[in-house]
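User: I would like to go through this model with you. Please take my questions in turn.

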Amino acid sequence: MKRWLKMAAGAAAITLATAGCAGSGSGDSTNSSAPASNGSLTVWLMTGTAPESLTNSLHKEFEDAHPGVKVKYEIQQWNGIQQKLTTALASDNPPDVIELGNTQTPAFANQGVLADLTSSVGDFNGAQWLQGLKASGEFDGKTYGVPFYAANREVIYRKDMFEQAGITATPKTRAEWLDAITKLKAKFGSDPEFQALYQPGQNWYELLSFIWDEGGDIAQANGKSFKATLDSAQAKAGLEFYKQLTDASGTKAPKDADEATPQQAGIYGAGKVAMMIGVPGEADTAAKTDPKIKEKSGAFAIPGKTADKSAPVFLGGSNLVIPANSKNAAAAKDYVKLFSTPKYQTELAKAGYVPGTSTDVSALDANPLTKVMAEASKNGRAVPTSPKWGDVESGQNPIKDMLTAYLTGTKTLDQATADANAALDKLIGG
């Protein structure tokens with residue numbers, strides 16, 4: 001998850017700017033002026049997250065409402081953050097507010113090092129929370145994380161190529177998507193380097209969209225643990241469509257690597273690819289190869305089985321948490337409360353993020369790519385809130401192995417899903 005978060009944060013920071021709600025957003029929510037016991041409030045946010053203009057304004061407003069309290073703001077790097085967080089959260093004097101990746105939150109909640117915020121959800125504009133991210137801050141029926149921001153994938157495409165291929169409307173269904181690929185290959189397929197869709201074999205976040213669209217999931221809650229469901233009929237159907245799309249795409253991407261190996265944005269930017277599935281900021285990365293690629297690019301949501309709604313998307317992002325051992329819990333809550341207001345959520349939206357505590361995504365409309373992302377996020381989900389999920393992403397990911405095995409024909413559909421299901425159960429089933 002760390003790699004996805006890093007990509008999402010960097011992508012959103014490169015794009016433009018994202019939103020929130022409860023009260024007026026003018027800072028009135030901090031009038032309780034809860035003191036900090038040592039005269040300072042330590043805040044850890046990750047690099048590339050909140051724009052400096054936002055944090056400067058936020059901290060001034062917070063300090064003005066809390067005389068004698070200074071915000072000690074520290075930007076953290078992704079590299080090595082897991083161990084640093086583990087050490088800090090177990091100490092007697094941790095930071096007071098911390099940004100956690102949405103897949104990290106359940107693990108630390110399970111360790112008992114995060115404050116239970118269930119009774120304060122309303123104070124943090126809980127009625128406006130992004131539902132897909134909300135679930136990632138919950139564990140064992142309680143809330144430990146306040147949604148901060150999210151980003152999700154969409155189909156980024158070459159408008160000029162679509163027009164030349166006679167495609168007059170962006171696809172709304174899987175069938176229309178496959179038809180567009182056929183038309184693109186008919187128009188440009190004489191070029192041996194052309195790819196209608198760059199489709200890496202191990203883009204498992206994309207696979208989740210197809211599994212969820214079939215009504216399935218990769219795991220279901222089983223008390224405090226989870227039961228893998230990759231061998232369900234719905235999950236198999238999602239995997240089958242992934243293969244159908246890959247086979248039709250004309251992709252030259254490796255079947256044993258994900259979208260970061262090699263970086264797909266650079267390949268898209270080279271001009272021989274009509275579509276890729278990624279976050280909006282990848283168009284900015286592609287522009288490093290071809291500065292004109294952004295003006296040639298549009299976006300549409302990942303198509304669903306039917307035209308009435310797009311496929312569900314995986315939400316990568318972060319939560320804000322308060323350590324259980326914070327000496328300044330009341331002031332920390334005031335800080336998160338202020339961050340959750342429309343004023344600062346809108347500033348996040350302007351930076352290209354989907355806001356965590358607001359349903360107002362209008363600030364993302366200025367960029368057609370972030371506008372599509374924001375709309376798709378309403379049908380967004382997170383991975384299972386297992387405290388062991390980090391082991392899935394940091395180790396030998398069974399879902400990636402399943403994709404490669406099935407796409408290459410090493411295993412049948414039933415063999416690939418059964419083996420992946422057993423491996424996933426070993427990781428998160430206990």
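**Domains, interface and sheet**

Analyst: 17 residues of domain 1 are in contact with 18 residues of domain 2, contact meaning heavy atoms within 4.5 Å. This is a predicted model: local features need pLDDT of at least 70, side-chain atom pairs count only at pLDDT 80 or more, and totals for chains, interfaces and linings use all residues. Residues are numbered from 1 along each chain as its sequence is written, and side-chain values use heavy atoms, with hydrogens and water left out.

User: Into which domains is the chain divided?

Analyst: The bounds come from an automatic or database domain assignment. The centres of the two domains, taken over C-alpha atoms, are 29 Å apart. The division is domain 1 (40-151 + 316-373) and domain 2 (154-314 + 382-429).

User: How much area do domain 1 and domain 2 bury between them?

Analyst: Buried area is the accessible area (1.4 Å probe) that two parts lose on being put together, summed over both. Here 69% of it is on carbon and sulfur atoms. The total is about 1,300 Å².

User: Which three residues supply more than any others of the area that domain 1 buries against domain 2?

Analyst: Together they supply 41% of that area. They are Thr103, Leu369 and Val372.

User: How many salt bridges cross the interface of domain 1 and domain 2?

Analyst: The rule asks for a side-chain nitrogen of Lys or Arg within 4 Å of a carboxyl oxygen of Asp or Glu. Across this interface it finds zero.

User: Which element gives the most to the side of domain 1 that touches domain 2?

Analyst: Helices (H or I, at least four residues) and strands (E, at least two) are DSSP runs, numbered from the N terminus. Helix H4 (105-110), strand E4 (138-139) and helix H15 (368-377) each give two or more residues to that side. The one that gives the most, with four residues, is H15.

User: Why does the pair of Lys305 and Glu214 tie together parts that are apart in sequence?

Analyst: Their side chains meet in a salt bridge (3.1 Å, N to O). Lys305 lies in the loop between strand E11 (297-300) and strand E12 (313-314), and Glu214 in the loop between helix H8 (204-213) and strand E8 (219-222), so the parts tied together are 91 residues apart in sequence.

User: What is the order of the six strands in the open sheet?

Analyst: Two strands pair if DSSP finds at least two bridges between them. The pairing is mixed. The edge strands, each pairing on one side only, are E2 (70-76) and E14 (354-355). The order is E2-E1-E3-E13-E6-E14.
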